[in-house]
Amino acid sequence: MPASVVLGAQWGDEGKGKAIDQLAPNSQWAVRFQGGNNAGHTIVAGGTTLKMHLLPSGITASDCKLVLGCGMVVDPWVLDRELKEWAELTGEHPEGERLFISERAAVILPFHRLYDSADKVVGTTGRGIGPAYRDRTERVGIRFVDVGLLMGRSQEIGEMARRMNEQLATVGVEDRIDPVQLGSELKWIHERFSNAIRATGPMLDDALARGEQVLLEGAQGAMLDIDQGTYPFVTSSITCRANATHGAGIHPGHIEQCYGITKAYTTRVGNGPFPTELSLEEGPGKQMSVVGHEFGTTTGRPRRTGWLDAVALNESQRLNGYTGLVVTKLDVLGGLDELKICTSYELDGQEVKHLPSSSEELSRCKPVYETHPGFPAMGEEEWIQIAEESRNGGGIGSLPSSIRAYLTRIEEISGVPVVSVGVGPDRLASIASSGGPFDIELSEATF
């Protein structure tokens, strides 16, 4: 069986965790292929809310093996905390049993977090992601395969600390890295995770050869891609489909399905241009923020909100070639008199139908909207009831006509079929297209 990819189609925070959680029971592997703990994937199942930053969202399926891929940068202390929280919830210790860390993945060290704290422009999460990727590019970073080799090599560790301290001084950070402490930290990483560090690329290749299904889980979103996003207000890795297999250590020919996750509106965390942005103080923007609980899973920062940006969505489709769209948080728009979709921009008096490469130009773009009728607000129980009814064969056709019209227009503009619609945070609050890839049996949480 082939590999499938789940990607964020906007600026992140679209609801990828929920989609992975739903698909994982039918997969044998779930793989994070890029990013680090700057990601925040939330899963709500019954009365339990899980917030993962490093652990793949497929962890909720007990038979699904998990990989932190070679394209990632991994903070061992965050991973340790997440594993302890998982063990407290379930009693399971998956590391080395069904959770494996690529030996090629980069290690985030305290230095990287300190260096990242100097950022005053991009609005990063401060988790050390960018500095860790920079060290990898400069070929001075430490990978998990290297940690064990450094044991007892005090001269090499001392040289690492010297380089780190010189760099901290250049950006005005007063803290310094002590070589003895650094050696102790590397020893702890080796002792804590050596049983889980594996050559995961060959493991996944063998799994695919056996016909096993592999889910590739992206972090952030297409518009935050280091090459294709709204640079410089982007993340530090390639978030798009082209990196999914590379960051897992397998070839791209394995991919058959690629699902883009998009909210029914748009949000963005941090700095950078946002053409459809609305006020958080009043009107639809406030409703999106309050009803949608729009606060960053990783940082807790309020997310900026705005109407659905189809220009950005089409850019995302061009980059990723989605075979299906998952539209999340549709319920948040309930009660608004009208809904708007941005279909193009106006830049200096000219119509623009693609994202300018320059963020300065994008910041001058004015959205050109088309308007659609709104639909009534419904409570969580009403949405769940519609979702349950949809699983009796009605699929998306179970939704009211005004909502179907809005979804149909998204399909027309993007050229991609909508295969699932999220109408609440819970695992069961989803409506799948009849016979589609998300038309699967959903169960209550067993963890």
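Asp348 lies in the loop between β16 and β17 (350–352), where helices (H or I, at least four residues) and strands (E, at least two) are DSSP runs numbered from the N terminus. The phi of Asp348 is near 50°, a positive value in a residue other than glycine. Asp348 is exposed, with a relative accessible area of 56%; buried denotes under 20% relative accessible area, exposed over 50% and partly exposed in between (1.4 Å probe, protein chains only). The model is predicted: local features need pLDDT of at least 70 and side-chain atom pairs count only at pLDDT 80 or more, whereas totals for chains, interfaces and linings use all residues. Residues are numbered from 1 along each chain as its sequence is written, and side-chain values use heavy atoms, with hydrogens and water left out.

A positive phi of about 50° is also found for His293, which is not a glycine. His293 is placed in the loop between α9 (283–291) and β13 (304–306) and is exposed, at a relative accessible area of 61%. The peptide bond from Tyr231 to Pro232 is cis, with omega near 5°, and Pro232 belongs to the loop between β10 (214–217) and β11. Most residues other than glycine have a negative phi, and most peptide bonds are trans.

Seven aromatic pairs are present in the structure; rings of Phe, Tyr and Trp (its six-membered ring) pair if their centres lie within 6.5 Å, with planes under 30 degrees apart counted as stacked, over 60 as edge-to-face and the rest as tilted. One of them is the stacked pair of Trp77 and Trp188, with 5.5 Å centre to centre and 15° between the planes. Because Trp77 lies in helix α2 (residues 76–90) and Trp188 in helix α7 (residues 179–193), this pair ties together parts that are 111 residues apart in sequence. Phe111 and Tyr115 form a tilted pair, at 5.9 Å centre to centre and 50° between the planes. These two residues are four apart in helix α3 (residues 110–116), and are therefore separated by about one helical turn. Phe111 is buried, with a relative accessible area of 1%. Over the ring of Tyr115 sits the charged end of Arg134, 4.5 Å from the ring centre; this term requires NZ of Lys or CZ of Arg within 6 Å of the ring centre and within 35 degrees of the ring normal.

The axes of helix α6 (residues 154–170) and α7 come within 9 Å and cross at roughly 115°; axes are lines fitted to C-alpha atoms, for helices over the stretch in contact, and angles run from 0 to 180 degrees between N-to-C directions. Ile157, Gly158, Met160, Ala161 and Met164 of α6 meet Pro179, Leu182, Gly183 and Leu186 of α7, contact being defined as heavy atoms within 4.5 Å.

Helix α10 (residues 310–320) is mostly covered, with eight of its 11 residues buried. The elements covering these buried residues include β1 (3–8), β11 (255–263), β16 (338–347) and α13 (401–414). Gly374, in the loop between β18 (366–373) and α12 (380–394), is buried at 18% relative accessible area. Gly374 and Leu339 are 35 residues apart in sequence, yet 5.5 Å apart in space, C-alpha to C-alpha.
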